[in-house]
Amino acid sequence: MATTTQNGAPAETAGRAGNSASGLRRSSPRHRAGITAHYLALVVTSLVFLAPVAYMVAASFAPESDTLAGFKVFDVTQWGLHNYSGVTSSLSSDSTGHLWRFFLVSFTVTVAVVGLGLVVNSMAAFALSRLEWKGRGIALLGILMLLIVPFEAVAVPMFYLYNDARNTLWIQIVPFIGNALSIFLFYSFFSGIPRSIDEAARLDGAGSWRIFALIIAPMSKPVYASVAILTFLTQWGAFLWPVLMISDPNLRPLPLQISVFAGQLPPAWGQVMAFGVLLVLPVLVVFLLFQRWFIEGVASSAVKG
């Protein structure tokens, strides 16, 4: 027997009528105008962020005389690799430093901070979110308070604290392994995993280390990717700390070296643009490789929040 509504109309007919009404509302001029305005705002916002990058890339291939000539840099008929060859030839001696060495320093420091940070910060977040111990709430409160303290506020005290360790690789790595934001992101994700999983694993004889390594960590790939990308972006572009701690040309990371390179007289802006492209390129590659997990991590955090 067909189900009827209060006014006697069959339920299926009422449902079709409701769907038709909602479809009409979605196709109304007001709705279409809202969608158009939404996409227009996205396009304008994208252009605002992409325009400087596009100009930098175009200027890196343009002749030196056209580097600061506005839209003239987009004349592809004048493009060439002379700016890139100028960068490699300018940074190819012991007095100026070698370009490959600057890349190696930045790569070593960034990979070490990202890799060790993922291990240390995820373990700390696991202890805060999945284990019961005295003082856990105070520790979590302290980490949350650190989120509002900018690095510039502690840079000078850290400079005096580590002054004897200047011009070393480890001074660019060790102070940045532990990160309050990374711990908080891991904590938020781990807290959303049902605790019944831990209880079932403990009934099977698994301890905390085994639960973390074999259960929680494999289930948390999105947040690991998100933290890895955010840490990579922050560390690859680190500038203030190397300025304070590194004076040896052989230990300069890329952001510090590009500042030194741009300060030479007369400034070769085409080569500076080419250097900037080389600096940004690894970041784009890392993001493209991990973007799927990064988006999943951000989406899952938003849902849980």
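1. In this predicted model, Phe212 has a relative accessible area of 10% and is therefore buried, since buried means under 20%. Phe126 also falls under that limit: its relative accessibility is 5%, so Phe126 counts as buried.

2. A pair of aromatic rings is described by the distance of the centres and the angle of the planes. The total in this model is 14 aromatic pairs. One of them joins Phe126 and Phe212, with 5.2 Å from centre to centre and 55 degrees between the planes, and this pair is tilted.

3. Where do Phe126 and Phe212 lie? Phe126 belongs to helix α4 (residues 99-130), while Phe212 belongs to helix α9 (residues 208-219). The pair therefore ties together parts that are 86 residues apart in sequence.

4. Tyr162 and Trp241 form another aromatic pair, and its geometry is edge-to-face. The centres of the two rings are 6.4 Å apart, and the planes stand at 90 degrees.

5. Tyr162 is placed in the loop between α6 (151-161) and α7 (180-191), whereas Trp241 is found in helix α11 (residues 240-245). Because of these positions, the pair ties together parts that are 79 residues apart in sequence.

6. Is each of these two residues buried or partly exposed? Trp241 has 3% relative accessibility and counts as buried. Tyr162 has a relative accessible area of 26% and is partly exposed.

7. Tyr162 and Trp241 also belong to one aromatic cluster, together with Phe151 and Phe176.

Definitions and conventions
Residues are numbered from 1 along each chain as its sequence is written. This is a predicted model: local features need pLDDT of at least 70, side-chain atom pairs count only at pLDDT 80 or more; totals for chains, interfaces and linings use all residues. Side-chain values use heavy atoms; hydrogens and water are left out. Rings of Phe, Tyr and Trp (its six-membered ring) pair if their centres lie within 6.5 Å; planes under 30 degrees apart count as stacked, over 60 as edge-to-face and the rest as tilted. Helices (H or I, at least four residues) and strands (E, at least two) are DSSP runs, numbered from the N terminus. Buried means under 20% relative accessible area, exposed over 50%, partly exposed in between (1.4 Å probe, protein chains only).
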